[in-house]
Every structure is written in structure tokens, then in C-alpha cells.
Amino acid sequence: MTDLRLPLGLLLSFYGVILIATGAIQGTRVLGINVNLWWGFVLLLVGAAMLYLARRARSL
Amino acid sequence: MHLTPTDLLIIASYVVFVLGIGVLLKERVAHSSDFFLAGRSIPAWVAGLAFLSANLGAQEMIGMAASGAKYGMLTSHFYWVGAIPAMVFVGIFMMPFYYGSRARSVPEYLKLRFDEKTRAFNALTFATMTVFSSGISMYAMGALLRLLLGWNIHASIVVSAVVVLGYIALGGLRSAIYNEVVQFFLIVFGFVPLVWLGLRDIGGWSGLASRVPDTYLRSWQYIGSAQANPMGIEWFGMVMGLGFVLSFGYWCTDFLVVQRAMAADSMNAARRTPLIAAVPKMLFPFIVILPGILALGLTLQPNPGAAPILQQNPGGGYDYNMALPMMIGRYYPSGLLGLGITALLASFMSGMAGNVTAFNTVWTYDIYQSYLVPRATDAHYLWVGRATTVVGVAISVATAYVAMRFNNIMDMLQLVFSFVNAPLFATFLLGMFWRRTTGHGAFSGLIAGTLAAALHYEVTAVAAASSLVGKVAVLHTYPSDMAQNFWGAIWAWTSCFIVTIAVSVITRPRPSGELAGLVYSLTPRIADDRLVWYKRPAALGLVVSVLTVALNLLFW
């Protein structure tokens, strides 16, 4: 394991999924925003991008 | 604050993850250079983010938010004046000698350039400083977790020490660096929502501007005289003391950060390491200082029906150190709260791991191998490195307990360290750019600078503050301890600079042949003009500088 993007992408995606699930189930709103849900999407997106980059680098 | 199982799951998976990285990287440690220098194989972007992260201890996060609440945007000077210029300088001008000389540590560079005694002085003071400061931050973190979450302080200290020890002893510097990058992302993703929610709550930038005095939103406008701004420092002391002496002394000579660049996979990557780090560094005021200013705004004029964020101290003033934790407590629901606490833990561990890896390298190479047991096998030094990690962490834990019992001793130590650190940059500047500088000159300059800092402290006072030690005489009174600190550094640097030159002139210089690769005028220039612009250190440095100037103007 040399490419750091792989574990990093996994961790961020994992946190993204947890936050999305928490947001969807509990639906807690702060200042009218379901922050867990939205921030979970951001984390998942960044995590998936890392995983994509790591995979692309490996297949080159 | 109350943590739910979701929060605990997030925190626990982080702990498992960092240890997992250590386990996965263990097989890549075959030689001592793998353990101490990550085999010089780290790509530029990884080294760059680790360079930044090693400096992002929890005390930095908490302290900068506190400073934001106390002084406002003036705090940005610690970034835009007190970090970026030095990071650009070390990348473009100094890294060729650090990396090109193949030195394995900053003290070893001093040995190559000057002599044994200069290295010994730097290695011993640096090693002592790193273990003590990681102990002090360990105690601070334990105390914070007890206050916020009611966690047992002994458990916090021991568990975090064991985790950091585990991943460093297994995977060495590579493991520390990989984890620092992960910590960087967690810090960003854990704290950005705070700014988002805080700004939304206060009614955007205009809402903030209507609730705090204008001095809190400007970085330069009120710095003409020490009386006009809450920091009590005028522009000259700030630019010279913080921006030049202290900042260059830290970012250009502290092995804690330089080690990350030394581990890079090429000269070009090593030079780009601090420049890549400078890009997020210049944006960090928005995620660490801004929450503090928002906390102040929501305290001076809370929203209808909402309690103020900061609490009053019994002695007057607000409890600024709680700005960041209180903001997290106010806005983060279960889930995000776990992420926020993980970000705090991550920043704590990255700061501590930085100290521990720098300590075990300096101890093993510059003290053990140089003075105690030279000419042993590489496997032996690798073993010593792992053992030193255990010992270093143990001393840090012991220091944490001393700090818990005797706060004054720790304050004293930090004061003495600040005397030793203040003159350092003069030695490196002369050593790298003036070939006539001699070992005797460098050593006597360092001693003179350290003494000058101590003497300055002994003959000046701070208005309305009690002193740690008795004063010989008070010749000058500063409006704030920050002003005293900056001016003390200026005196120390100047003394070191003058004494180094004076002694160098009357002592015998080393022959030019021995100094190739160590001194500017005797080292061939690096030709990088055929690379694309973002791989050229000079071009990258220019972009970073222009952006920093723009930020200063924007918040003038």
C-alpha cells in the first residue's frame, strides 16, 4: 500500500455514509438545515473522488 | 456536551484507522532511513500537507480561535505575515542545502556546515524541547476533553499516547506523515461547517460587521501604534519580530517541519513541500480565526432568545480559550459532533506525532550515533529508533503529569526554550549565504543570542501583568506580552547576527572545497526552467506571494 489516496478515500466515504444515514434517520435541523445530510454528501463526494484518483493511478 | 453512539463510532473508527495505517506500513520499514526519513520517497503533495499538519496541533487550533475572539483579524498576521513569507523562503532558497547536503536532520546540517559543538547545542536543546512540548499539549488536550466530555484525564493521556506510539513505532516517519495528511483532511472537514453555520446564524459578513468593533475585522488598519489595537503591538515590532525573526526561525530551521520536506522523493518535491503547504495555510484563518470572531460577535450581541457563546471569567473578560469548543457545542448535532471531536483529536495527534518523530530522529542520529554508540549496524539504529519512540512518549506522559501538578515549571521551560529559539535563524542565514561564517562564529552567536533574549526579558516588563521571575531592573515597559516577546526576539536575532559575524572574521574559515552543497555561493544553481510552471518552486512561490498580498489587502 503506497497510495495514500486509497485509505483516505475510504475513511472519508465511510464518514460520509455515516453522516448521511444519521441525517436521513434523525433529520435534526440546525438553523433550518439538515447539516449531517448535506455535509455527509460533501464527504462522500470527496472520498469517492480520492478513490477514483487512486484507481486511475493504479491502472496507468 | 453529550456524545451519542454515532459520535463514538466516528471517533473509534478514526483510532482504528490510524493504527491500521501503522500496521500496513510496517512492512516498508527495512532500514533506519525508512524509519527516520520514510526512505526519502514521499510525493510532494503528501509531504506538503504533512508539513502543514505537523504544525497544526490542538493548541494551535484552540489558541488561534481564542486569539480570533480576543484580537480579531489581527490574528491573521500569524499566518499571512508570520508564516507564508518564511515558507516561501525556505522552499526556494534553503531547501537546496537541507536536501542537497543529504543531511538527515537539521542538527546534522549544522554539523556539516559548522562543527560538532554547534550541532550538539542545537540537537540537545531541540530534543528536550520536543518531548516537553508534546507533554504539555498532551496535558492540555486531556484537560479539554475532561471539561468538554467528562472523560477521565488519565485515560485520555494514556490512550492517546499509546495510539501515537503505536503508529509511529510500527511505520516510522512514513506512518506519521500519512496520518498527518489524513488529519489535515479531518481538521478541514471537521471545522468548515462551523464557519458555515456560524456565519448563517450571525447574518453573514455584514451581520458580523454590525456586531463587533471594526478593529476586529481589519488586519493592518489599526496597527500604526500599539495603543490603537487590542494586541498592543505596532507594525514594526510585528513585521520584524513575528514576520521575520520568529517566523523564519520556526518555519526555516525547526526540524519538526523541515523533516517532512527532507522525506520528499526528490529535490524538486522537497522544495515544493513548503510552497504546497502555504496554499492551505493562507486559507486557515478562515477556519480557525473566523469561528473565534463569530463567537465574539454572538457574545457581544446574541441573537434574540439565544445565550451568549462565550462565558465571562470571574476576574473579568471572556473565557476566550473556549471559543472553538463552545461553537462546536452550539452548532453540531450528533454525527457532526463526532466529526468535530475527531478533528480535535486528529489535530492533537498530528502535533504530538510531529514532535515524537523529530525527537527520535535527532536523538538516534545526532546524539546516540554521534556521541554514544557510533559505528553500530543499521539494524541496531533502527531498533534504537523504535525504542526511542517508546522512551520519548514515556517522557512526554511524565511531562504531562508534571504540567498537571506544577504549571509554573512548564511556563518557565517554555520561556527558556523561547530564548534558545529566537536567534536560530541568524545562524542559518549566515551559514547558508555567507561562506566566511565559521563554526566558532556560529556557536558563539547562538550563545550570545540566547543570553540577549534572557537579558531582554530580565530588564523589561509588561504593563498590568505579573512576571514569572524577578526582574533585575525594569528599563522598558511593553503594552502586551506579545510586544515583549516580539521585541525580545528582535534583540536576540540581532545579537546573534553581529556576534557571529564578528567572531567569524577573526577565526579561520573552512576551505571552500569542504563547503560545496552547503553554502549558496559554492552550490550550482538548480535548473528547473524546463518544467511546467506549477512544478517550478520560484513560480509557485510567486503565485503564493501574490495571493497572500491580495488577502492582506482584502482585509486591510
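Visitor: What share of the contacts in chain A between residues at least 6 apart in sequence joins residues at least 24 apart?

Guide: The share is 69%. A contact here means that the C-beta atoms of two residues, placed from the backbone, lie within 7 Å. The model is predicted, so local features need pLDDT of at least 70 and side-chain atom pairs count only at pLDDT 80 or more, while totals for chains, interfaces and linings use all residues. Residues are numbered from 1 along each chain as its sequence is written, and chains are lettered from A and ligands numbered from 1 in the order in which they are written.

Visitor: Which share applies to chain B?

Guide: In chain B, 81% of the contacts with a separation of 6 or more are between residues 24 or more positions apart.

Visitor: Is chain A a compact globule or more spread out, and what makes it count as such?

Guide: Chain A has 2 helices and 0 strands; helices (H or I, at least four residues) and strands (E, at least two) are DSSP runs numbered from the N terminus. Its radius of gyration is 14 Å, well over the 10 Å that the globule rule gives for 60 residues, so chain A is more spread out than a compact globule. The radius is taken over C-alpha atoms, and the rule is 2.2 Å times the number of residues to the power 0.38. The C-alpha atoms of chain A fill a box of roughly 45 × 15 × 15 Å along the principal axes.

Visitor: What does the globule comparison give for chain B?

Guide: A compact globule of 556 residues would have a radius of gyration near 24 Å, and chain B has 23 Å, which agrees. Its C-alpha trace spans about 75 × 55 × 55 Å along the principal axes, and its secondary structure comes to 22 helices and 2 strands.

Visitor: What makes a residue buried?

Guide: A residue is buried if 20 or more other C-beta atoms lie within 10 Å of its own, exposed if 12 or fewer, and partly exposed in between, with C-beta atoms placed from the backbone. By that count 37% of the 60 residues of chain A are buried, and 57% of the 556 residues of chain B.

Visitor: What makes a set of residues a nonpolar core?

Guide: The members are buried Ala, Val, Leu, Ile, Met, Phe, Trp, Tyr and Cys residues joined through C-beta atoms within 7 Å. The largest such core has 211 residues, and B:Ala47, B:Val164, B:Ile177 and B:Ala323 touch the most other members. The largest share, 24 residues, comes from H9(B). Among the residues that B:Ala47 touches, leaving out those up to four places away in sequence, are B:Ile42, B:Ile177 and B:Arg260.

Visitor: What does the span of helix H18 (407–421) of chain B come to against the expected value?

Guide: The expected span is 1.5 Å times one less than the number of residues. H18(B) has 15 residues and reaches 21 Å from its first C-alpha to its last, close to the 21 Å expected. Its buried residues are B:Met410, B:Phe419, B:Val420 and B:Asn421.

Visitor: How many residues does each chain bring to the contact between chain A and chain B?

Guide: Chain B gives 23 residues and chain A gives 19. On the chain B side, H9(B) supplies the largest share, 9 residues. By class that side has 17 nonpolar, 4 polar and 2 charged residues. Ala, Val, Leu, Ile, Met, Phe, Trp, Tyr, Cys and Pro count as nonpolar, Asp, Glu, Lys and Arg as charged, and the others, Gly among them, as polar.
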